[in-house]
Amino acid sequence: MTEYVDVVIMGAGISGISAAWHLQDRCPSKSYVILERRQNLGGTWDLFKYPGIRSDSDMFTLGFRFKPWTSSKAIADGPAIMDYLKEAVRENGIDKHIRYGQRVVAADWSTADNRWTVTIESDGVERTITASFLFACSGYYNYDEGYSPDFAGAADFGGTIVHPQHWPEDLDYAGKRVVVIGSGATAVTLIPALANSGVGHVTMLQRSPTYIGALPDVDPVAERTMKVLSPASAYRVNRLNRIIFQWVQYRLARQFPNFMRKQLMTMAQHRLPEGYDVKKHFGPKYNPWDERLCLAPNGDFFRTVRDGKADVVTDTIDRFTPTGIKLSSGEEIPADIIVTATGLNLQLFGGAQLSKDGEPIELTSTMAYKGMMLSGVPNMAFTIGYTNASWTLKADLVSEFACRVINYMDSRGYEAVEPQHPGADVDEALLFDFTPGYVLRAIDHLPKAGSRAPWRLKQNYFLDLRLIRHGKVDDEALRFSKRLAPVSI
């Protein structure tokens, strides 16, 4: 017989761990399984292995509500984050529910049975499992391949070309000339780590600048609270402090973009050599938070440039050559290793094909309810974290709401819940309210958001507290239903 569980969770990263803990806490009678395609938990933090891998969000908000982060070091590296996630899973017995090497390739909803049939591939063999509720916690990008443009002449380059998503652990870069193409969070993280690990020289080659802010990696407020409060109380204070800080700086940036731009440019200017062309290399044409703002803990990126260990070149690429990269300006940058930190390929639900009664679900025809459920798709939730704050803040809210929905259905005898598309009453909008390259490249394949609540995703944690944590479950946008009675003949 096909195995049945109440809830299937796709993915054992931060979102999946959050979903599991909340299910255990709020829906203790429900059985669940976490299907993880990789051989380890952690998602992003297990996948990326490049030097210096770290969070660009503080650990007081990237951490879970239920597990205090007890170090005053707010910006943690990848290994520390993995240790934290493994502890959270082990301490709460979540590890017993994780099945590794299980890739979800498809999920079909049966209206007649009010069940999902989930198709899993493992070691080349497919099998199925059924569930009442599907919780997609697989992130939003393709784990198999990062985005890398087709650079003319790439086949002629005599050195090594590496994408950070597939960093070879045995890559020898000691004494080598390294060019990092890109100016996003990965490049800003990678360059100081390389520059201080024995490379000959490292160059960041960017087509256009990115805003970079500098903050201390150790939180002075956290240091003080941890001396006078219990770990749990200190964590609550530090978490709230960071949530408020994130919200204030984001609102300032959106309401007073010129002021925030000036602040960021001045910050960069003070950390760079006198006469440095800050406007050219660190002055984007867009407003702060039109794209995610990059973080340089303790200003490490600026210090690396100031010390001459790295330089920044702002230009476009003409072609790769056997010995480096020729720019449109005619200059050639010599390189032994080229790192294409050029972004991600967006992919929802781990690439699984969703269908309803055997008919494929066209994601572009759906609208996202509260940024976590899709119109016309029953008994399913998904997690996409904030773009302007820590991923986990949204993941925890989504987990809470999904559990509230499940308990509400149980209390009233419902077996299915389905967001109803609002139709022409709500104008369509982009699912994401920021426009990095990976979003623009996938825009024609994504669900839509709406022009107003509950279909609009506002990227505001405090508004979401009201809308998600404290909003009513029996929303008019949700249709709850019971099993259809069999027809007598």
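These legends describe close-up views of pockets and cavities in a predicted model.

**View 1. The second largest pocket and its centre.** The second largest pocket holds about 520 Å³ of space. Its lining counts 26 residues. Closest to the pocket centre are L215, F245, Q249, W289 and L293.

**View 2. Helices and strands around the second largest pocket.** Which element gives the most to this lining? Helix α7 does, with six residues. Four elements each supply at least two lining residues: β10 (212-215), α7 (231-255), α8 (257-271) and β11 (294-297).

**View 3. Residue classes in the lining of the second largest pocket.** Nonpolar residues number 15 here. Seven residues are polar, and four are charged.

**View 4. The largest cavity.** The whole structure has four cavities of 30 Å³ or more. The largest cavity has a volume of about 90 Å³.

**View 5. The lining of the largest cavity.** Which residues line the largest cavity? They are I243, Q246, W247, Y250, Y386, N388, A389, L393, Q459, N460 and Y461. Helix α7 again gives the most, here with four residues. So what about class? Seven lining residues are nonpolar and four are polar. None is charged.

**View 6. Helix α7 beside both spaces.** Helix α7 covers residues 231-255. It gives six residues to the lining of the second largest pocket. Helix α7 also gives four residues to the lining of the largest cavity.

How values were computed
Residues numbered from 1 in each chain as written. Predicted model: local features only at pLDDT ≥ 70, side-chain atom pairs only at ≥ 80, totals over all residues. Heavy atoms only, no water. 1 Å grid on protein atoms, 1.4 Å probe; cavity = no way out; pocket = protein on both sides within 12 Å on 5 of 7 lines; lining within 4 Å. Points joined across faces, edges and corners; volume = space filled by probe spheres on them. Nonpolar A, V, L, I, M, F, W, Y, C, P; charged D, E, K, R; others polar.
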